[in-house]
Amino acid sequence: MTVSASTPRRLRHLITLENLGADMITRLLDRAEALRAEWFSQRRKLDLLHGRTVVNLFFENSTRTRTSFDLAAKRLGADVINFDIASSSTSKGESLVDTLHTLEAMHCDAFVVRHKENGTAEFLARHVRGSACVINAGDGNNAHPTQGLLDAFTIRRHRPDFSALRVLICGDILHSRVARSDIHALRALGVGALRICAPANLLPAQEELPGVEIVEDFDQALAGVDVVIMLRLQKERMQQAQVPSEQAYYARYGLDARRLRLARPDCLVLHPGPINREVEIASAVADGAQSCILEQVGNGVFVRMAVLAELFDT
Amino acid sequence: MTVSASTPRRLRHLITLENLGADMITRLLDRAEALRAEWFSQRRKLDLLHGRTVVNLFFENSTRTRTSFDLAAKRLGADVINFDIASSSTSKGESLVDTLHTLEAMHCDAFVVRHKENGTAEFLARHVRGSACVINAGDGNNAHPTQGLLDAFTIRRHRPDFSALRVLICGDILHSRVARSDIHALRALGVGALRICAPANLLPAQEELPGVEIVEDFDQALAGVDVVIMLRLQKERMQQAQVPSEQAYYARYGLDARRLRLARPDCLVLHPGPINREVEIASAVADGAQSCILEQVGNGVFVRMAVLAELFDT
Amino acid sequence: MTVSASTPRRLRHLITLENLGADMITRLLDRAEALRAEWFSQRRKLDLLHGRTVVNLFFENSTRTRTSFDLAAKRLGADVINFDIASSSTSKGESLVDTLHTLEAMHCDAFVVRHKENGTAEFLARHVRGSACVINAGDGNNAHPTQGLLDAFTIRRHRPDFSALRVLICGDILHSRVARSDIHALRALGVGALRICAPANLLPAQEELPGVEIVEDFDQALAGVDVVIMLRLQKERMQQAQVPSEQAYYARYGLDARRLRLARPDCLVLHPGPINREVEIASAVADGAQSCILEQVGNGVFVRMAVLAELFDT
């Protein structure tokens, strides 16, 4: 079940980009562009969400994404509650749904949810009783829709014609909600070619990734691409022996200056962050002229503002 | 000593509802009603506490109550400081009174205090040097005045004539600050009959509860009541062997659909939350048509707005 | 290297008071005075930093200083992000500089930094890429410039002519960033005489403190002084056996009523807080008529407002 509307009429929640449709994705990116321009011209908070309350419900640590949503909401004039899970009734045995209904009863208007279990945001969206909306800020390895949108937004600012683009995603695809949301966004926007590269044991089944070309060798995969999206290597993969060592991983799948030259000369480099330097990416590349990593961070705030603004349109 | 004024002229602090008087309680409920209406008609923050700072001083975990005060203060335009006790000087040996004076010196205007020791809020109120006010958000088993107010407010919205009402409070009365504040509020407002029901070892001495009828058997206690307020069973009571088991407790004091039918057909069900499902209350009742539990949560914000607004009237 | 400008033209960061110059220090104190007057006359938030974001980056616990900066920023209209280090990417291996650049990319405008390592704030100031500014809220035993400013501000409100003043600083000078910043501020403002008193093993080398008289005996040191600044005794000094016991320390270096009478009759007593009662200062003195301790706390907010306002002047 996809809670998100499949037409651009009205966004009720943002759970996944799957089936969201090119029109709605484009509408969100256009709105982010407009908000970005407004922010840079005025540096004033907007009044759009004045009187509204956005709750950050983060069951996994993520200062980066939480801060991005926090800033997005505040810059639209909303109040933000950072719901501290460790000290909350949820940790004392109150169910997630009871916590949701309690916060809804206090007239909280939006819930930004991150959870290690797939489907948590959608589960909460189904249990909303009133008009509150749920935004998925990452659930398990399922979806991270605002990351997909901000990656598409970042690429579009440099390469507006998606049909001409060859994009490569490299890293632990199997466990990556970022990869899944990127694929949904890029395919919806009609990307020319989409390629992934990962160690065999970190690759999902082929049928899970329709329309995506799998290339085993990273050097070959890089040939001729316009954009490369590197994924973060989770340290726990190494503890689970899915990755032999950081050095071995870097030798085969690390993006360094030599490898980057195999791509097109103006190839953009993206990474959702936080980066592991000299594990999946060389510092020279992460900090180099082709890197869009910090641009992604900045764009993330505007994209989240756009999502909030769209969800509150009534 | 009661710091609260006994006349409705001026509320200096809110420490307990005891001796607060029907006029002041009614004034606070009326103000909550007006703020509720204003909120629903406009959904805008008010400017009443602009420039003021409200400090949440929570020495016991309570995301629910803290969030309610946080929202109440913000929706009146105040800034809120959630004073993190674990990382504060208080944990490094600075006394509570020095912390209070430090925050007062920074021109903080209101202190919302929760502490496991009886009398902490009153103690702080006595040590305030300037014009700052103290709100008791729960001290030991002594008082939880905003809960008492919000319960009275919730009942009044459905049953405006208190003199006709029969109210039953059931659960661990001995350790319950909610029960004490409910009793003070309901008696001040002239409730028709007030009954309590609890295991013998969780019942205070009769002289502590003047004007209250004690009924041992829950089924008998429910007969003909208009409102039943269920209390939360604290898990630590079981560790202390004051309650034999959740199952045994539920069998004798759990409110399920069968028992609810012993009360009047339109009997309201209240609970301060968070609820323990199938421990003190059945899900069918908690989520049923007679339940006011989420209404209580929503009303709590308006009641706390009213208390803050009243305290800041000068 | 001093990042701070040495002329009063423009403050880029605030890392240390060393070489800041009497003009800039005076300008900041004058601005704090103006903001104090404005606050007391109106009790309204100002709009000066509307749309700006101030980030509290505290790697050491300090509720007191963090709350002071938090209030200062909010009362100027800024949004405040309290960046939680324990749950941040920094604790997951992302470098401090990557965290800085990430927050800068989100258009955060000021970073208030506390760290146990000397030089952290200056290090971050050197790595800022855009126009964001860094404020040192205490680095190791190096500097705590806003404390130096607020101490000078507090003294100036009572004794505007610094050239006539004899000031004594007593306590663990060796480990004290407060002492260093106080000395920089007071010497820049032309203090008449500056004296320090400390146990021999908690005294820096003489050449580190040019222009400062060292007096071993506390009674002798107090003779004729107009201001005494007591320092907090860190409990860890006792664990490291640098201080034999609280009692022994208090006997030799504790400021009690008898000792205070050795100073001038109107001698001001300052302490950065939180105080250890009956360890470095007697309660009778800390709470007495000559104590400026809570005034310091209140002035701290205005001084920090002045620093933020000055840094954002463009």
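Start by selecting chains C and A: together they bury about 2,300 Å², with carbon and sulfur atoms giving 51% of it. Buried area here is the accessible area, with a 1.4 Å probe, that two parts lose on being put together, summed over both. Before you click further: this is a predicted model, where local features need pLDDT of at least 70, side-chain atom pairs count only at pLDDT 80 or more, and totals for chains, interfaces and linings use all residues. Residues are numbered from 1 along each chain as its sequence is written, chains are lettered from A and ligands numbered from 1 in the order in which they are written, and side-chain values use heavy atoms, with hydrogens and water left out.

**Stop 1: C against A**

Highlight C:H50, C:M106 and C:H107, which supply 27% of the area that chain C buries against chain A, more than any other three residues. The contact (heavy atoms within 4.5 Å) joins 25 residues of chain C to 25 residues of chain A.

Now show the side chains of A:K45 and C:D79, which form a salt bridge at 2.8 Å, N to O. The term covers a side-chain nitrogen of Lys or Arg within 4 Å of a carboxyl oxygen of Asp or Glu, and chains C and A have 4 salt bridges between them. On chain C, colour β2 (79-83) and α3 (96-105), the elements that give two or more residues to the side touching chain A; helices (H or I, at least four residues) and strands (E, at least two) are DSSP runs, numbered from the N terminus. The largest share, 5 residues, comes from α3(C).

**Stop 2: C against B**

What area is buried between chain C and chain B? About 2,300 Å², with 50% of it from carbon and sulfur atoms. On the chain C side, pick C:R43, C:T63 and C:L294, which lose the most area to chain B, together 24% of what that side buries.

Next, zoom in on C:R44 and B:D47, whose side chains meet in a salt bridge of 3.3 Å, N to O. Then colour α1 (22-42), α2 (63-75) and α12 (293-312) of chain C, each of which supplies at least two residues of the side that touches chain B. Of the elements on this side, α2(C) gives the most, with 8 residues.

**Stop 3: inside chain A**

Finally, select A:A198, in the loop between β6 (193-197) and β7 (213-214) of chain A. Beyond its neighbours within four places in sequence, A:A198 is in contact with A:G171, A:I173, A:L203, A:V215 and A:Y253.
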